[in-house]
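I opened this model to take notes on its fold, its surface and a few single residues. My entries follow.

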Amino acid sequence: METREASPAHFLFTIESFSLLENCGIDKYETKEFVAETTTGITRRFLAITSEWGFSKFISKKVLSDTSNGYLVDDNCVFGAEVFVVKSSAVTGCLSLKNEIHYKRDWKISNFSQLGDVWKSEEFCAGDHKWRIWLFPNGNGDATGRGVSVFLYYVGSGSVNARDTVWIKNHFSDEHIERTTTDWFSTSSNNWGWPSFTELANMNDPKKGFIVKDCLHLDIEISVRAVAQ
């Protein structure tokens with residue numbers, strides 16, 4: 001371990017609103033891949049069974065949080081790495097933490113029994129990002145014929161960490177079906193959800209109040225907690 005005046009020249013990664021990390025429940029973040037051949041500082045051998053090296057105590061939280069030390073300025077901090085990179089330009093990334101703002105959307109889905117295999121919502125905006133809901137009335141995958149499947153799709157680039165809560169509303173009471181998850185959405189992993197949001201028998205029972213006059217009420221609440229570029 002040593003210090004120097006020059007900043008890393010090959011890889012820089014900024015975390016904005018650093019103090020929100022703990023509030024967002026993000027205890028680990030992995031940057032995107034970048035290409036390198038050999039290291040110029042500490043040399044380590046990376047193999048399939050030993051694919052990572054690092055420092056369990058790189059810097060104390062107390063030293064990092066003390067703004068007079070200069071590592072945390074305006075609640076932003078920058079991490080970096082220096083290796084021998086094949087490409088001449090530096091790779092940069094940024095993780096932006098967000099104060100949670102809850103965005104709500106609801107649908108009244110008519111003619112539920114005639115939807116076919118899947119119902120897809122229109123694109124809608126939440127947290128400056130676009131989303132869609134897919135609902136499979138007769139289930140999807142292993143849940144086909146047994147449950148109702150609901151998935152949230154991310155329509156965009158980059159990576160977004162979002163908490164989403166979905167409800168199938170009860171027409172008669174406050175006994176709604178509710179599911180919540182927090183996940184990272186990206187171009188390569190653009191959907192998360194519940195293959196069996198609820199059992200078909202429960203949904204189709206007219207006494208339960210989830211489908212009335214062939215109409216289903218579906219609500220969602222999304223809060224974007226972090227954005228990575």
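**Overall.** I counted secondary structure and got three helices and 14 strands. Helices (H or I, at least four residues) and strands (E, at least two) are DSSP runs, numbered from the N terminus. The model is predicted, so local features need pLDDT of at least 70 and side-chain atom pairs pLDDT 80 or more, while totals for chains, interfaces and linings use all residues. Residues are numbered from 1 along each chain as its sequence is written, and side-chain values use heavy atoms, with hydrogens and water left out.

I looked up burial next. Of the 229 residues in the chain, 34% are buried. Buried means under 20% relative accessible area, exposed over 50%, partly exposed in between (1.4 Å probe, protein chains only). I also checked contacts (heavy atoms within 4.5 Å). Among those with a separation of 6 or more, 68% join residues 24 or more positions apart. The accessible surface is about 14,600 Å², with 48% from carbon and sulfur atoms. Areas come from the Shrake-Rupley method with a 1.4 Å probe; for residues, only the protein chains shown count as cover.

**Strand 1.** I followed the side chains along residues 11-16 and found that they alternate. Phe-11, Phe-13 and Ile-15 point to one face and are buried. Which strand pairs with strand 1 in the antiparallel sense? I found strand 3 (residues 77-81), over five bridges. Two strands pair if DSSP finds at least two bridges between them. Thr-14 has Val-78 as its bridge partner in strand 3.

**Thr-198.** I located this residue in strand 13 (residues 191-199). Thr-198 counts as buried because its relative accessibility is 7%. Its side chain makes a polar contact of 3.0 Å with that of Asn-202. Such a contact is a pair of N or O atoms within 3.5 Å; within protein, one must be able to donate a hydrogen and the other to accept it, and residues adjacent in sequence count only if both atoms are side-chain atoms. Leaving out residues up to four places away in sequence, Thr-198 touches Gly-147, Val-148, Ile-168, Ile-177 and Met-203.

**Positive phi.** I noted two non-glycine cases. Ser-17 has phi near 55° and sits in the loop between strand 1 and helix 1 (20-24). Asn-111 has phi of about 50° and lies in the loop between strand 6 (103-109) and strand 7 (119-120). Ser-17 is partly exposed at 24% relative accessible area; Asn-111 is partly exposed at 45%.
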